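Take a look at it, then read on.

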Amino acid sequence: MGLNKKVLIGTVGYQLLGNHSVGPNLLPQLQAINWPEGVVVDEMNWGPIAVIQYLESLETPFERVVFLVAIERAHRKIGEINLYRWMGGLPDDKQIQACVGDAATGVISVENLLVIGEHFKVWPKEVYLIDVEPGMEIAGEQFTKNVTAQVPKILELTRHIALNGIRGSMKILELRGDTLFD
Amino acid sequence: MCFKNLPIDFDENGNAFLKEGLANPYEHKVVDLGVEQDKLKGLMERNGFIRSVDYDPVTRVAGALAFHSVVDLKEKKVLSTNSMATLFRGYEVILKGRDPRDAAYISSRACGVCGGVHATCSALAIEMAIGIKPPPLGIVMRNILLALEYLYDHPLHLFLLAGPDYSEEIVRETNPELIDLASNTPAKNKAVHGYENVLDIMKDLNPLKGKLYLEALSMTRVAREAYVFIGGKYPHPQSVVPGGLSVNVTMSTLNEVYSRLIKFFDYSQKVTGIWDDVFDFFLDSNPEYAKCGIRPANMIDTGVWDRPDAYDATFKNCNEWGNARWSTPGVLINGEVVTTNLREVNGGLEEFVEHSYYEKWNGHQFKTDPLGMPLSPNHPWNKETIPKPGKQSWRDRYSWDTCPTWDRMPMEAGAYSRIYLTAKAKKAPESKFLENTGHSMKIHVPKHQLPERTLEWKIPEHWNTFERNRARAYCIPYSAMVAMDNWLLAQKLIMNGETKMSTSFEIPKKGTHIGFGAWGAGRGFLTHHLIIKEGVIDNYQIVTPSTLNAAPRTPWGAPGPYEEAVLNTPILEKYDKPEDYKGIDILRTIRSFDPCMPCTTHIMAKESDHIVTREVTTCACGIE
């Protein structure tokens with residue numbers, strides 16, 4: 001299968017935090033998929049500043065970025081999957097500086113990554129988040145049953161979005177930097 | 001005879017022994033902090049200008065520092081301080097019962113910046129415990145790896161974390177009277193950094209858009225790139241193992257590292273020139289700035305960067321290999337060196353938990369070190385970590401940080417302790433690039449695009465907020481030149497065919513084996529104390545620089561280093577009413593230590609409902 005876009009699939013999240021580690025835990029399964037040329041699957045936990053510097057250094061930039069994450073949000077059932085599209089926008093300078101401070105000192109956070117990337121203008125038009133509800137943080141290597149049951153769906157959605165972007169009537173939520181920390 | 005307060009004496013041969021005739025030799029006074037609190041409460045009730053200023057954590061990550069102070073806004077004085085680590089770290093608990101070989105990988109995660117030094121400390125503790133001497137190239141490459149970690153860390157702190165406090169944006173808000181003065185103050189080091197006046201520098205220190213801020217971000221990349229050629233990845237290297245490094249190094253690796261390291265030659269000249277100009281400006285503009293963050297130069301350091309011909313990992317020879325390090329271990333009291341012996345650095349350590357959320361342990365398993373020096377029941381080899389969460393009280397317990405002391409004195413740690421001790425002690429081995437004079441360190445920086453130049457860091461008259469950061473700036477050329485010394489050694493070893501990088505070992509399944517790893521983090525002093533029993537970790541204790549710096553009061557009431565430094569800080573910020581007060585002098589002081597916890601601080605002025613949020617950010621390893 002050919003693909004005319006250069007696509008990055010990045011997993012973001014701490015290791016060994018149960019459902020919160022959806023990204024890092026599913027990375028090997030994502031890497032095992034037979035992707036067409038142009039798709040890069042990698043962990044994006046090595047610091048937003050380093051990630052941004054990597055993206056800036058590319059001769060041919062990615063045209064679509066898909067992050068697989070698990071962020072605890074109110075009013076979601078554990079294992080619920082939401083698809084977000086990054087719409088840009090920035091919080092105030094003090095919040096950006098706080099994100100850079102966190103990033104430079106080892107905090108792993110996709111929100112920091114998105115904001116810092118936006119500040120340094122590295123994001124392509126298509127940036128998506130596949131966000132799985134993890135529930136409360138519990139240390140451990142395993143997912144709970146609710147999340148385990150969703151793994152095939154998570155992998156399929158990641159594959160679909162990476163290869164096709166948004167098609168048809170998919171429910172998509174918007175994420176903006178200027179309202180992210182409200 | 002370095003101990004004045006611990007009950008330890010030395011015989012004519014220098015052998016330590018416990019003083020005789022003491023019923024309870026390690027007894028110490030415990031003061032009631034409530035007396036001070038009652039006095040402050042009375043003052044606050046009587047005087048409306050005396051207010052509680054709380055820096056309270058709101059943080060999205062594991063690890064936080066908070067700070068409580070009582071400030072007299074009329075007299076512009078700080079009356080009382082409490083430093084608080086507000087989260088439990090728990091690596092000591094996680095490591096218990098595990099295979100010692102896991103320790104480097106697990107303890108590395110204690111920090112998101114200095115994972116490499118935690119891994120190295122862990123490796124060194126195991127090397128000492130079971131007797132593993134790494135091959136010369138393993139030692140030399142470890143030195144380069146950790147010098148590169150500092151070259152990542154110092155610019156990050158100076159320009160991303162502390163730097164904005166001296167930027168045009170912040171100074172305009174807090175001390176607008178300095179702006180005109182800065183624009184009329186020529187920059188003395190224009191030849192190396194290109195700025196005409198101090199205000200131009202301050203503009204480029206502005207966060208997010210200032211050129212110096214952005215340049216520091218790119219320099220962290222240069223250091224990181226060089227680092228991963230040896231460590232595999234950053235910040236948690238994959239190649240640091242007991243016995244050396246699990247990576248092959250060739251001339252090609254060295255060339256890759258060199259092509260990055262050389263960029264720090266010019267950058268070193270620029271950074272030291274920038275900070276000399278900025279700090280001299282502040283100190284000249286108002287002599288009161290010299291009092292910000294002032295405290296006696298009481299510091300401790302483990303030393304770093306082992307000589308391959310000296311390091312044998314043994315406890316028996318730790319004084320010798322410690323003194324052979326490129327950075328000398330030791331203790332400074334009032335700016336004077338009281339010891340450079342690692343055995344005494346180790347022997348004088350204690351940790352107290354009277355004002356921390358831990359239960360006191362009962363054991364005193366190791367009454368002496370392996371060579372007979374008496375050890376306190378509060379020594380890390382004897383300490384147990386027993387968390388006991390509880391109510392926060394300035395009268396009693398208020399921190400997850402313990403209170404480490406050396407010879408019963410709170411000690412400060414930092415990259416600056418490394419340069420201070422080494423310059424003062426004059427014990428470091430000869431170096432092509434470094435010269436210690438007893439009152440300064442001369443650093444001969446080779447030419448790159450700028451001509452070669454000798455930089456000189458001088459021991460300051462007063463140890464304060466500005467001098468901490470200035471010394472940290474000079475630690476950039478210091479670290480780069482140590483890396484160069486080691487790079488040349490590595491080249492020689494490879495040319496001679498000495499390419500072995502690690503020594504194989506097995507963890508003994510029987511018996512008790514103890515060791516400690518001593519290797520400074522970017523922020524200074526770091527030790528890992530390890531006890532292996534029957535092949536698994538029986539006890540593991542980590543003392544980080546921020547464990548020392550953020551310490552709460554000692555049981556006998558002496559303030560920890562942050563507490564003392566802030567207590568001595570005059571309030572020089574200009575404000576018309578309490579609501580406008582931003583606390584910049586206090587925040588500059590706390591940040592000058594390069595605090596090792598992510599922290600958002602709130603400043604709340606009593607009776608005003610006014611809260612200001614400020615960042616005091618770095619990493620989370622200071623929290624136990």
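## A lysine in a loop

Leaving aside neighbours within four places in sequence, which residues is K233(B) in contact with? They are V228(B) and Q238(B). Keep in mind that you're looking at a predicted model.

To find K233(B), go to the loop that sits between helix 10 (211–231) and strand 6 (240–241) of chain B. Is K233(B) buried, exposed or partly exposed? With 13 other C-beta atoms within 10 Å, K233(B) counts as partly exposed, because a residue needs 20 or more to be buried and 12 or fewer to be exposed. For a sense of distance, take N255(B): K233(B) is 22 residues from N255(B) in sequence, and their C-alpha atoms are 18 Å apart in space.

## Chain B as a whole

Stepping back, chain B has 19 helices and 20 strands. Along the principal axes, the C-alpha atoms of chain B fill a box of roughly 65 × 65 × 45 Å.

What about the inside? Of the 624 residues in chain B, 58% count as buried. Take the contacts in chain B with a separation of 6 or more: 73% of them are between residues 24 or more positions apart.

Now look for an open sheet of 3 strands in chain B, with the order 8-9-10 and antiparallel pairing. Its edge strands are strand 8 (299–301) and strand 10 (336–339) of chain B, and each of these pairs on one side only. On average, neighbouring strands in this sheet are turned by 25° against each other, direction ignored.

Strand 8 of chain B pairs with strand 9 (residues 330–333) of chain B over 3 bridges, in the antiparallel sense. In that pairing, D301(B) stands opposite G330(B) of strand 9. Helix 15 (residues 415–425) of chain B lies across strand 8, strand 9 and strand 10, and runs at about 90° to strand 8 of chain B.

## Another strand pair in chain B

Strand 16 (residues 512–518) of chain B is mostly covered, with 5 of its 7 residues buried. How many bridges join strand 16 of chain B to strand 17 (residues 527–533) of chain B? There are 7, and the two strands run antiparallel. H513(B) is the residue standing opposite I532(B) of strand 17.

## A kinked helix in chain A

Over in chain A, helix 5 (residues 145–164) has 20 residues, which at 1.5 Å a residue should span 28 Å; its end C-alpha atoms are 29 Å apart, so the two values agree. Where's the kink in helix 5 of chain A? You'll find it at V151(A), shortly before the proline P152(A), with an angle of about 45°.

The buried residues of helix 5 of chain A are V147(A), Q150(A), I154(A), T158(A), I161(A) and A162(A). Among the elements covering them are helix 1 (22–32), strand 1 (7–11) and strand 5 (126–132) of chain A.

## Where the chains touch

Finally, 16 residues of chain A are in contact with 21 residues of chain B. On the chain A side, helix 2 (48–57) and helix 3 (93–104) each supply at least two residues. The largest share, 8 residues, comes from helix 3 of chain A.

Terms used
Residues are numbered from 1 along each chain as its sequence is written. Chains are lettered from A and ligands numbered from 1 in the order in which they are written. This is a predicted model: local features need pLDDT of at least 70, side-chain atom pairs count only at pLDDT 80 or more; totals for chains, interfaces and linings use all residues. Two strands pair if DSSP finds at least two bridges between them. Helices (H or I, at least four residues) and strands (E, at least two) are DSSP runs, numbered from the N terminus. Axes are lines fitted to C-alpha atoms, for helices over the stretch in contact, and angles run from 0 to 180 degrees between N-to-C directions. Two residues are in contact if their C-beta atoms, placed from the backbone, lie within 7 Å. The expected span of a helix is 1.5 Å times one less than its number of residues. The bend at a residue is the angle between axes fitted to the seven residues ending there and the seven starting there.
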